[in-house]
Amino acid sequence: MKNNFGTKVSDPASPDKKPGIMFVESTDNVEPTPLVVCSVESAALRNPDKPIYYFMKGFSGNLSQYPQPEYKVIPLLSSVRNVTILPLNVTELFEGTPLKGWYQKVNPEMETFWTHVLADGCRLALLWKYGGIYLDTDIISLRSMPFENFTCPQSTEMFSNGAIGFHLKHHTFLWNCMEDFVAQYNGDIWGEQGPQLITRALKRWCNTSKLDTFIGKECNGISLWITNRFYPVQYQAWERYYVPWNKEDIEQTFSATYGAHVWNYMNSRKERGIVAGSGSVIEHFSQLHCPITYKNLV
């Protein structure tokens with residue numbers, strides 16, 4: 001079978017066959033923004049030896065149901081050699097994990113940050129069940145990433161769950177995180193099931209109240225990578241991604257970066273995107289690291 005981009009679509013792969021880099025779309029949207037598509041494509045381009053799995057809650061699993069020109073994203077991403085789009089069946093995913101009971105009881109309509117909280121749970125379950133790397137859909141990959149057990153701080157006091165990896169499935173730390181997710185669940189606080197959870201779980205794992213002493217080191221088999229691996233620009237300065245930089249500043253700021261997290265949640269109200277001809281850093285990254293997206297969607 002061939003899609004409209006002229007690329008043969010192979011039989012669907014799945015993470016249980018070969019761990020890879022995973023992305024999650026926790027809404028029913030099957031036409032996400034160019035930034036989301038860029039994140040998936042850039043991971044594929046910069047990690048050609050790794051399978052890329054994009055789990056979409058609204059995807060039926062049948063590629064033929066999403067023809068052009070009515071649909072753009074699914075045909076585009078399915079044309080990328082190492083990208084596989086998979087349905088996100090949350091009930092099935094949470095089966096056999098501590099998250100099952102929570103999901104059966106929670107009322108999405110009463111949740112303040114439902115799509116974010118659901119994504120927080122899904123990434124833990126996916127990594128526990130399959131192993132690999134999870135990346136947020138607002139991380140543009142700049143270079144290849146090693147398969148390791150890793151977390152990454154967004155500051156000296158807070159470890160994010162936007163980029164996290166466990167190269168083998170069924171890691172105890174992830175099970176502990178899922179238990180914490182349920183035991184201390186509070187959907188009314190932004191990040192409580194995400195960065196806050198990862199941070200407090202790491203403190204227990206490392207038996208310390210000061211995680212900053214472990215940054216750049218390993219703690220009980222988990223590497224705590226330096227902030228610049230994914231967060232060289234802090235969330236308070238997220239608008240810097242939407243203005244031009246000189247070449248020297250780009251090279252210096254992102255010299256140790258695997259993937260640039262561009263803080264789309266901060267941007268969501270202003271709805272700035274990848275704009276052709278803007279000369280912005282995010283346009284620069286798009287041209288280099290997701291050229292198919294830039295050519296077809298920007």
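Q: What are axes fitted to here?
A: Axes are lines fitted to C-alpha atoms, for helices over the stretch in contact; angles run from 0 to 180 degrees between N-to-C directions.

Q: And where does this model come from?
A: It is a predicted model: local features need pLDDT of at least 70, side-chain atom pairs count only at pLDDT 80 or more, and totals for chains, interfaces and linings use all residues. Residues are numbered from 1 along each chain as its sequence is written, and side-chain values use heavy atoms, leaving out hydrogens and water.

Q: OK, how do H1 and H10 pack?
A: Helix H10 covers residues 281-289, and helix H1 covers residues 34-46. (Helices, H or I with at least four residues, and strands, E with at least two, are DSSP runs numbered from the N terminus.) Their angle is about 45 degrees, and their axes are 9 Å apart. That makes H1 oblique to H10 (under 35 degrees is roughly parallel, over 145 roughly antiparallel, 65 to 115 roughly perpendicular, the rest oblique).

Q: Which residues of H1 make that contact?
A: Leu35, Cys38, Glu41, Ser42, Leu45 and Arg46. From H10 come Ile282, Ser286, Leu288 and His289. Contact means heavy atoms within 4.5 Å.

Q: Back to Glu41. Buried or exposed?
A: Glu41 is buried, with a relative accessible area of 3%. (Buried is under 20%, exposed over 50%, partly exposed in between, with a 1.4 Å probe and protein chains only.)

Q: What does Glu41 touch?
A: Leu77, His289, Cys290, Pro291, Ile292 and Thr293. That leaves out residues up to four places away in sequence.

Q: And how far is Glu41 from Ala183 in space?
A: 36 Å, C-alpha to C-alpha. In sequence, Glu41 and Ala183 are 142 residues apart.

Q: New topic. How do H6 and H7 pack?
A: H6 spans residues 172-183 and H7 spans residues 195-206. The angle is about 125 degrees, with the axes 10 Å apart. That makes H6 oblique to H7. Phe173 and Phe181 are among the H6 residues in this contact, and Leu197 and Trp205 are among those in H7.

Q: Now strands. Which way do S6 and S7 run?
A: Antiparallel, joined by three bridges. (Two strands pair if DSSP finds at least two bridges between them.) S6 and S7 form a hairpin with five residues between them. Cys152 stands opposite Ser160 in S7.

Q: What about S6 and S9?
A: Those two run parallel, with two bridges. Phe150 has Ser223 as its bridge partner in S9.

Q: Where do the S6 side chains point?
A: Phe150 and Cys152 point one way from S6, and Thr151 and Pro153 the other way. All are buried.
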